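Visitor: Hi, I'd like to talk through this structure with you. Can we put it up first?

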Amino acid sequence: MNKMDLIQLIEEQFNYLLKTRAFFPYLNENRIGENQFSTAPFYKEKLGTDIKFIFDRKLDQTNIDEINSIAHWINQNYIIRLYSILEQNKICGKSVIIDQNVDGWEDVDLLIRLRNKFAHSSGNYNSRNNVSKSLYKKLVERYKLKDVKSPEEANEFPLSIDTVLEPLTEGCKKYFSSRK
């Protein structure tokens, strides 16, 4: 597959992620007691559409936790899908060595590490596991994340679309575009 086709395929997958997540947005606790709202400005800007949510009852903490868990699961699955595309095109995989002299290599490395966590385990973050904590810290450092829990307090990997998944995707595209 040529580079332009690969970029188009990745952008298509990212667009699917956005469209899916527009229906499962991250909800803050300030939504408790509400039963209707519009999609986040992020999705309005990216997709050019406004989705209205109307629930038959007011949201409680359980509803919010469930919706946020589904949203996180969708983000984890995007990581697996992105990895699969790159693996199929021999950009990463068991027998492929990442060229650390090429821009975006750190993003590919993080993609591989996240994919391994999500595809070969429950995908849950374990603050007592040094491998998980190291990966968590690397994500925070690489994407300059603010307002995230410490690795010891966290209960999931930070996978926000705008601060992690979008720059990770762009880094992966940069990596394979720059390779010889």
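Visitor: Is Phe-14 buried or exposed?

Guide: Phe-14 counts as buried because its relative accessibility is 10%. Buried means under 20% relative accessible area, exposed over 50%, and partly exposed in between, with a 1.4 Å probe and protein chains only. One caution: this is a predicted model, where local features need pLDDT of at least 70 and side-chain atom pairs count only at pLDDT 80 or more, while totals for chains, interfaces and linings use all residues. Residues are numbered from 1 along each chain as its sequence is written, and side-chain values use heavy atoms, leaving out hydrogens and water.

Visitor: OK. Which residue does Phe-14 form an aromatic pair with?

Guide: With Tyr-78, edge-to-face, at 5.9 Å centre to centre and 70° between the planes. Rings of Phe, Tyr and Trp (its six-membered ring) pair if their centres lie within 6.5 Å; planes under 30 degrees apart are stacked, over 60 edge-to-face, and the rest tilted.

Visitor: And which parts does the pair tie together?

Guide: Phe-14 is in helix α1 and Tyr-78 in helix α3, so the pair joins parts 64 residues apart in sequence. Helices (H or I, at least four residues) and strands (E, at least two) are DSSP runs, numbered from the N terminus. Tyr-78 counts as buried too, because its relative accessibility is 4%.

Visitor: How many aromatic pairs in the whole structure?

Guide: Seven. Ring pairs also link Phe-118, Tyr-125, Tyr-136 and Phe-157 into a cluster.

Visitor: Switching to pockets: what's the volume of the largest pocket?

Guide: About 1100 Å³. Of its 38 lining residues, those closest to the centre are Tyr-26, Asn-28, Asn-68, Glu-156 and Ser-160. A pocket here is an open set of points on a 1 Å grid over the protein atoms alone, where a 1.4 Å probe fits, with protein on both sides within 12 Å along at least five of seven lines; lining residues have an atom within 4 Å of a point. The volume is the space filled by probe spheres set on the points, which are joined across faces, edges and corners.

Visitor: Which element gives the largest share of that lining?

Guide: α3, with eight residues.

Visitor: And what lines the second largest pocket?

Guide: Its lining includes Gln-13, Tyr-16, Trp-73 and Tyr-78. The space in the second largest pocket is about 160 Å³, and α3 supplies the largest share of its lining, five residues.
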